[in-house]
Amino acid sequence: MSRIGRKPISVPTGVDVKVAGRVVSVKGPMGKLDWRLADGLNVAVNEGHLVVNRSGDARELRAMHGLVRAELSNIIQGVTKGYEKALEITGVGYKAQLQGREMSFNVGYINPVTYTVPQGIDVKVDKQTLISIRGIDKRLVGQVAANIRSIKPPDVYKQKGIRYAGEVLRKKAGKTGK
């Protein structure tokens with residue numbers, strides 16, 4: 001039995017969990033998210049706890065058991081508190097601007113790079129070099145942060161680019177002259 005999968009998930013007050021067939025709907029103060037269950041897995045709600053069970057002992061079911069439990073736990077945390085990722089831009093003249101749902105990055109390319117922020121994500125730009133990404137879906141927040149970082153990944157030689165806040169880069173030495 002999966003150690004993660006068999007742990008019950010406590011449902012805080014103010015969060016409503018409904019199971020309709022293969023779809024689990026979680027509604028909380030920050031919004032509503034749905035999760036579709038794989039065949040062979042079911043979810044039971046009793047006394048403020050959510051329990052994920054599996055019908056068999058097949059390898060795929062064992063793998064999905066812990067995953068579904070972790071995803072449902074993330075969904076419950078997302079609709080109560082939400083998730084946030086922070087990015088920082090380093091480099092001379094590097095900056096970001098937000099106009100509505102469009103972000104514009106000046107990060108050393110000839111033309112500015114534009115990025116459209118998906119629905120369900122709130123982005124805030126502070127001092128043109130600090131980007132804060134917030135949302136209720138952990139996967140979507142992480143994916144948006146990764147997409148923005150991939151516009152100009154940090155350089156290992158000059159340390160310039162877009163990086164996660166607190167990310168430590170190992171600086172490599174350049175070529176040495178003779």
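1. Let me start with the surface: the protein chain exposes about 10,900 Å², and carbon and sulfur atoms supply 50% of that area. Please keep in mind throughout that this is a predicted model. As for the interior, 33% of the 178 residues of the protein chain count as buried.

2. On overall make-up, the secondary structure of the protein chain comes to two helices and 13 strands. The radius of gyration is 21 Å, well over the 16 Å that the globule rule gives for 178 residues, so the protein chain is more spread out than a compact globule. Along its principal axes, the C-alpha trace spans about 70 × 45 × 25 Å.

3. A word on contacts in the protein chain. Taking those between residues at least 6 apart in sequence, 49% join residues at least 24 apart.

4. Helix α1 deserves a look of its own. This helix covers residues 59-80, 22 residues in total, and its first and last C-alpha atoms lie 33 Å apart, close to the 32 Å expected at 1.5 Å a residue. Just after α1, G82 takes a positive phi of about 85°.

5. Which residues of α1 are buried? They are L61, H65, G66, V68, R69, E71, L72, I75, I76, G78 and V79. You will see that the buried set includes the charged residues R69 and E71.

6. Next, the sheet built from β8, β9 and β10. These three strands form an open sheet in the order β8-β9-β10, with antiparallel pairing. Because β8 (95-99) and β10 (113-116) stand at the edges with a single partner strand each, one side of each is left without a neighbour in the sheet. Neighbouring strands here are turned by 20° against each other on average, direction ignored.

7. Within that sheet, β8 and β9 (residues 102-106) pair in the antiparallel sense over five bridges. Q97 stands opposite S104 in β9, while L98 has M103 as its bridge partner in β9. For anyone tracing the side chains, in a regular strand they alternate between the two faces of the sheet.

8. Finally, the turn that links this pair. β8 and β9 form a hairpin with two residues between them. Where in this hairpin is a positive phi found? G100, in the turn, has a phi of about 70°.

Definitions and conventions: Residues numbered from 1 in each chain as written. Predicted model: local features only at pLDDT ≥ 70, side-chain atom pairs only at ≥ 80, totals over all residues. Heavy atoms only, no water. Pairing = 2+ DSSP bridges. Helix = DSSP H or I, 4+ residues; strand = E, 2+ residues; numbered from the N terminus. Axes fitted to C-alpha atoms, helices over the stretch in contact; angles between N-to-C directions. Rg over C-alpha atoms; globule rule 2.2 N^0.38 Å. Buried < 20%, exposed > 50% of the residue type's maximum accessible area, 1.4 Å probe, protein only. Contact = heavy atoms within 4.5 Å. Areas by Shrake-Rupley, 256 points an atom, 1.4 Å probe, with all protein chains shown as cover. Expected span 1.5 Å × (residues − 1).
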